[in-house]
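I opened this notebook to record what I looked up in one structure. The entries below follow the order of my reading.

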Amino acid sequence: MVVAPGVTSGPVDSPTATRWGHRIVIGLTVAAFGPYLAPGLRTEQVAVYGAATLLCLVGLWLRPRFTGTAVWALGAHLSLVAVATIGVVLPPQNHTMYEAGDVVAGFDNIVLPLVVVAVVAMLVGAGADPARMLRGVCTVTVLAMAANALIAVSSAAGVESDLLARFRLFGEGESVADRAEQLGRYSGIFNQPAEAGVLYSVAVLAALYLYQRQVGKLAVALLLLSVGGVLSVSKIFLLVGAPIGIAYVILASGRRRRLVAAAAASIAAWFAADAYLDQWDGQRFAMRLLPGSGGDDQLSLYTAGRVGGQSSLQQAVDVMTTLSPASGMGFGGLRVAYDNGWVEALVVAGVIGVILHTAVLAALALGWLRNRSHRPESPFTGALILMLIGASTGLPALTANRCATIVWLLLGLLLLVRADGRAGTWWQRPGRGQHRQPPAVVPKPVPAAALSAGVRQTR
């Protein structure tokens, strides 16, 4: 194709690669919400590693192209993997009361994000349209979390299902979700309310991006996702995801439609709360989160006792200072609660791991700041990164079960993978993303003989 000087050609995608890329990322997203296939084996693990293996076998392992942000973020994450390997090759002596964790499970937690990004990079490098894949991931995430909210509503209404045990811990013993339901916290298919809180937050941001011009769909999505997030009583959703979603509605361009949809969802939620709030046995637990209603130690309440002199996180930190403070215990870590991204990095890779985990988040944030623009993908990316930083204080949001696959699919498509020879993100190009521009029409040259004969040039 010949392009006139000064005219920018639109992106060239392979229809076949786009079709298969769309199917694969949708399959991975659906798999993230799938059940356990066996004790310790989730559907998403089979899907992610299987897709990566298949793409490598067909020769796509040479195709990935990454942005400058990916070099720093993935480089820091790979360095964390290298440091964690030290604890496996040269395990420090454990003289504490805490047992070592599962090395295979810990390895999977840290390596799976790299494999997810590699799959995305291979697909985009082969010619798949990243904009269409992004819409597919967002759509499945919103629909799946809306369905999970309906499951939570049915659980709150007293409907019990043995099938949920297959999504939590393969039905082996009492799960965290079972104990949470005794307090009126309903997380649907998720084993921990914190996991549900992260993905409800991601789904809210995805809906605000996906349905920014469709008021009806956005209002319904926000209503269902908000109800699900409240029923889980996840502090990540209530204190991090929801405020960031509100800021997204107010600050991002095209706010008029979002405000209308948010107002409609709020009114519907008000009537629903007025009718059913008194029947919800988790009401008292949720109301404790209001400022001034949780006693003297509101910080301890907001962090579920994870912060403070006798907190669970402090116990993990104290143990690590006596064992291997520099490089950690390796992939397995310890069987001690560390519901925090930095504490997990400390246990697995020591102080070096804490620095590298911070470097990953900093690289993502700085990469977005350098690439931000007026396009809809830009505020979506910024809100997602801000939410992940906040969520990491209550859960290892970058490595947690189910969350990691969805989060890194989005990060890969939005910030880490490039689709052309330029260094920036694909959505900065005129023909990509929600703000597409039609390709320029180049006038066909008219022979000089025709012009001399009086033929008028047409466009």
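Which helix gives the most to the lining of the second largest pocket? I found that helix 4 does, with six residues. I note that the model is predicted, that local features need pLDDT of at least 70 and side-chain atom pairs pLDDT 80 or more, while totals for chains, interfaces and linings use all residues. Residues are numbered from 1 along each chain as its sequence is written, and side-chain values use heavy atoms, with hydrogens and water left out.

**Entry 1: the pocket.** I looked up the terms before the values. On a 1 Å grid over the protein atoms alone, a pocket is an open set of points with protein on both sides within 12 Å along at least five of seven lines, whereas a cavity is a set where a 1.4 Å probe fits but cannot get out; lining residues have an atom within 4 Å of a point. A volume is the space filled by probe spheres set on the points, which are joined across faces, edges and corners. Helices (H or I, at least four residues) and strands (E, at least two) are DSSP runs, numbered from the N terminus.

The second largest pocket has a volume of about 1,200 Å³. It is lined by 39 residues, and the closest to its centre are Ala105, Gly106, Asn109, Gln192 and Asn401.

**Entry 2: the cavities.** I recorded two cavities of 30 Å³ or more. The largest cavity holds about 120 Å³ of space. Among its 13 lining residues, those closest to the centre are His77, Leu80, Glu344, His357 and Thr399. Helix 15 contributes the most to this lining, with six residues.

The second largest cavity holds about 40 Å³. Its lining includes Asn109, Asn401 and Arg402, and helix 4 supplies the largest share, four residues.

Entry 3: Most residues other than glycine have a negative phi. I therefore noted Arg402, which is buried (under 20% relative accessible area, with a 1.4 Å probe and protein chains only) at 4%. Phi of Arg402 is near 65°, and this residue is found in the loop between helix 16 (377–391) and helix 17 (403–416). Phi of Val233 is near 50°; Val233 lies in the loop between helix 9 (215–232) and helix 10 (235–251) and is buried at 0% relative accessibility.

Entry 4: The side chain of Arg185 reaches the backbone oxygen of Val233 at 2.9 Å. I located Arg185 in the loop between helix 7 (176–181) and helix 8 (193–210).

Terms used:
A polar contact is a pair of N or O atoms within 3.5 Å; within protein, one must be able to donate a hydrogen and the other to accept it, and residues adjacent in sequence count only if both atoms are side-chain atoms. Buried means under 20% relative accessible area, exposed over 50%, partly exposed in between (1.4 Å probe, protein chains only).
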